[in-house]
Amino acid sequence: MTPLTELAAVATITVLAVISPGPDFAMVTRNSYLFGRRTGLLCALGIALGVQVHVAYTMFGVSLLIAHAHGVLSVIKLLGAGYLVWIGLQTLRNRTAVSVDTTAAPAISGAAACRMGFLTNALNPKTTLFVVSTYTQVVSPHTPLAAQFGYGLFMSLVHLVWFGIVAWCFGSPTLRAALLRRQRLLDRVIGTTLCGLGVALGVSNLG
């Protein structure tokens, strides 16, 4: 595989993986319509940073990861599933009516929003499999280290751009106003979705 072909393959796989609906999408949507655009964007930033966790241990310890993949992925799977269910239950139990007033302080801090995005991605074993499979099956062992680092940064950038767009859309005052008029219904939908994703992740067979 030539360097250009390798780059095209990494780019295609990354874009397709990122735009597929999943926990990251649900979390950014939740934080954006409840707390506003800035909170959603910080959640997107956390997701992009979470990707680097997967890139780091793949690049520097992929052989160890593969050797103990079953145990490692099982732990990540259970932690990720538990986290999604917990956030889902928090959303379902939410009884606080949120105002679309953009001058009001959000209910969660920027650090908390970034942390939520980070944990959602870092504890997602499907992102683990995406990154590991890309580096082991697409990226050549002879690819320069600088290029491999570049691929990792590209993966984070694509996550940041895509989920930034999601946050920008769902966090717009006009759309938020429309969504918050149906806040109780949306809380139920997003909460149920997060719980469902968590349960599905918990019982899934990752190979």
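The model is predicted: local features need pLDDT of at least 70, side-chain atom pairs count only at pLDDT 80 or more, and totals for chains, interfaces and linings use all residues. Residues are numbered from 1 along each chain as its sequence is written, and side-chain values use heavy atoms, with hydrogens and water left out.

**Exercise 1. The chain as a whole**

Task: Determine how many helices and strands the protein chain has, and describe its burial.

Solution. 
Step 1. Helices (H or I, at least four residues) and strands (E, at least two) are DSSP runs, numbered from the N terminus. The protein chain has 9 helices and 0 strands, and its pattern along the sequence reads α-α-α-α-α-α-α-α-α.
Step 2. Buried means under 20% relative accessible area, exposed over 50%, and partly exposed in between (1.4 Å probe, protein chains only). Of the 207 residues in the protein chain, 46% are buried.
Step 3. Accessible areas come from the Shrake-Rupley method with a 1.4 Å probe; for residues, only the protein chains shown count as cover. The accessible surface of the protein chain is about 10,400 Å², and carbon and sulfur atoms account for 71% of that surface.
Step 4. Contact means heavy atoms within 4.5 Å. Among contacts in the protein chain between residues at least 6 apart in sequence, 89% join residues at least 24 apart.

**Exercise 2. Thr-91 and Arg-30**

Task: Describe the surroundings of Thr-91, and state which side chain of opposite charge is nearest to Arg-30.

Solution. 
Step 1. Thr-91 belongs to helix H4 (residues 69-93). Thr-91 counts as buried because its relative accessibility is 1%.
Step 2. A polar contact is a pair of N or O atoms within 3.5 Å; within protein, one must be able to donate a hydrogen and the other to accept it, and residues adjacent in sequence count only if both atoms are side-chain atoms. A polar atom of the Thr-91 side chain lies 2.9 Å from the backbone oxygen of Ile-87. The side chains of Thr-91 and Arg-30 are joined by a polar contact of 2.7 Å.
Step 3. When neighbours within four places in sequence are left aside, Thr-91 is in contact with Arg-30, Asp-187, Ile-190, Gly-191 and Leu-194.
Step 4. Arg-30 is placed in helix H2 (residues 23-35). Lys and Arg count as positive and Asp and Glu as negative, while His and the chain ends are not counted. A salt bridge is a side-chain nitrogen of Lys or Arg within 4 Å of a carboxyl oxygen of Asp or Glu. Arg-30 is buried yet has no salt bridge, and the nearest side chain of opposite charge is Asp-187, 6.6 Å away.
Step 5. Not counting residues up to four places away in sequence, Arg-30 touches Phe-35, Ile-87, Thr-91, Met-116, Ile-190 and Leu-194.

**Exercise 3. Further residues of helix H4**

Task: Is Leu-84 buried or exposed, and which residues does Leu-84 touch? Treat Tyr-83 and Trp-86 likewise for accessibility.

Solution. 
Step 1. Leu-84 lies in helix H4 and is buried because its relative accessible area is 3%. Apart from residues up to four places away in sequence, the residues that Leu-84 touches include Pro-23, Met-27, Leu-194 and Leu-201. Leu-84 and Pro-23 are 61 residues apart in sequence, and 7.6 Å separates them in space, C-alpha to C-alpha.
Step 2. Tyr-83, also found in helix H4, is buried because its relative accessible area is 14%. Not counting residues up to four places away in sequence, Tyr-83 touches Met-27, Met-116, Leu-119, Thr-120 and Leu-123.
Step 3. Trp-86 is placed in helix H4 and counts as partly exposed because its relative accessibility is 49%. Trp-86 and Gly-198 lie 8.8 Å apart in space, C-alpha to C-alpha, and 112 residues apart in sequence.

**Exercise 4. The nonpolar patch**

Task: Identify which residues form the nonpolar patch on the surface and which helix gives its largest share.

Solution. 
Step 1. Patches are made of residues with over 30% relative accessible area and no salt bridge: like charges are joined within 9 Å, and nonpolar side chains (Val, Leu, Ile, Met, Phe, Trp, Tyr) within 5 Å.
Step 2. The nonpolar patch is formed by Leu-45, Leu-49, Leu-157, Leu-160, Val-161 and Ile-165, which together have about 480 Å² of accessible area.
Step 3. Helix H3 (37-67) and helix H7 (145-170) each supply at least two residues of the patch, and the largest share, 4 residues, comes from H7.
Step 4. Leu-157 is in helix H7 and is partly exposed because its relative accessible area is 48%. Val-161, in helix H7, is partly exposed because its relative accessible area is 46%.
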